[in-house]
Amino acid sequence: MKILLSSAFISCILAISAIAQTSLDPYLSWNAAQAEQVGRSMRVSDKIGKRMDLRLFNTDKAINYKLRATWMTPEVIRATARLEQLRNRLSDQQTRELVTEAESRGDTIFMIEIDPREGSGVIPLDWRVILQSPNLTVGQTGAIAGEKSPQLRTVKALSGVLRRDYDYDVFWVIFPLVGKDKNPIFKADVSHLQLLVGIYGNEGRITWPIPESVRVRIKSLSQK
């Protein structure tokens, strides 16, 4: 009888512990629809270049480019990890490890998708990507270039919540949120950040409000 009671007691403690851990990591209780909704919330579309082009020369270049970008915020990373957990029956600990791996790769990461329209269908190697506060003019401080990181393709929690669209080439770009002095790069009064993606002489711009989770991450990075 004592053994049965002990076993029941241990089972109860383990159950309470699991519930407590889930309350600390609420994303572990999201269903697939909830996780996908979170991931979609930071995915925005735009285009690079003019809608129409009547040129006679340089027809090897695309007329314009479809552009999509997903800001891999802490919530989006967790939503992606949660979907991976649901698909592959991962444990909670394995899922947390996916999150930790993704967040260890850089201060903040964007997944950028580009689809050339007509022309050669090739995206030039020198395409550029900048993160800045909106309405920043050339010559002002507050714009930082991103680091293209193709190796992030293998990081599962950075793959986004939606199936791959093979019409688009996919890129991952890392940006710092704090400088070498550990001071935030963007001032506290900046409410939005704008991603600028440029190909040749054309640019696409996508703007997001800065979520509270990113501000918390900036604070954490500043204290390390």
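Student: How do the axes of helix α2 and helix α3 cross, and at roughly how many degrees?
Tutor: In this predicted model, the axes of α2 (residues 32–40) and α3 (residues 74–88) come within 8 Å and cross at roughly 150 degrees.

Student: What does that make them, roughly parallel or roughly antiparallel?
Tutor: Angles over 145 degrees count as roughly antiparallel, so α2 and α3 are roughly antiparallel to each other.

Student: And is the crossing left-handed or right-handed?
Tutor: The crossing of α2 and α3 is left-handed.

Student: Which residues meet there?
Tutor: From α2 there are A32, A35, V38 and G39. They meet E75, V76, A79, R82, L83 and L86 in α3.

Student: How do those divide into nonpolar, polar and charged?
Tutor: The contact of α2 with α3 has seven nonpolar residues, one polar and two charged.

Student: Staying with α3, what about T80: buried or exposed?
Tutor: T80 lies in helix α3. Its relative accessibility is 3%, and buried means under 20%, so T80 counts as buried.

Student: Which residues is T80 in contact with?
Tutor: Leaving aside neighbours within four places in sequence, T80 is in contact with M72, K156, A157, L158, S159, G160 and V161.

Student: New topic, the sheet. In what order do the strands come?
Tutor: The open sheet has four strands in the order β5-β4-β8-β9, and the pairing is antiparallel.

Student: Which ones are the edge strands?
Tutor: β5 (143–145) and β9 (202–209) are the edge strands, each pairing on one side only.

Student: What does the twist average?
Tutor: From one strand to the next, the twist averages 25 degrees.

Student: Back to β5. Over how many bridges does it pair with β4?
Tutor: Three bridges, in the antiparallel sense, with β4 covering residues 128–132. In one of the bridges to β5, I130 has A145 as its partner.

Student: Now the protein overall. How many helices and strands does the secondary structure come to?
Tutor: Five helices and nine strands. From the N terminus on, the elements run α-α-β-β-α-α-β-β-β-β-β-β-β-α.

Student: What percentage of the residues is buried?
Tutor: Buried residues make up 40% of the 224 residues in the protein.

Student: Last one, on contacts between residues at least 6 apart in sequence. What share join residues at least 24 apart?
Tutor: Among those contacts, the share is 73%.

Conventions. Residues numbered from 1 in each chain as written. Predicted model: local features only at pLDDT ≥ 70, side-chain atom pairs only at ≥ 80, totals over all residues. Heavy atoms only, no water. Axes fitted to C-alpha atoms, helices over the stretch in contact; angles between N-to-C directions. Helix = DSSP H or I, 4+ residues; strand = E, 2+ residues; numbered from the N terminus. Parallel < 35°, antiparallel > 145°, perpendicular 65-115°, else oblique. Left-handed = near helix turned anticlockwise from the far one by under 90°. Contact = heavy atoms within 4.5 Å. Nonpolar A, V, L, I, M, F, W, Y, C, P; charged D, E, K, R; others polar. Pairing = 2+ DSSP bridges. Buried < 20%, exposed > 50% of the residue type's maximum accessible area, 1.4 Å probe, protein only.
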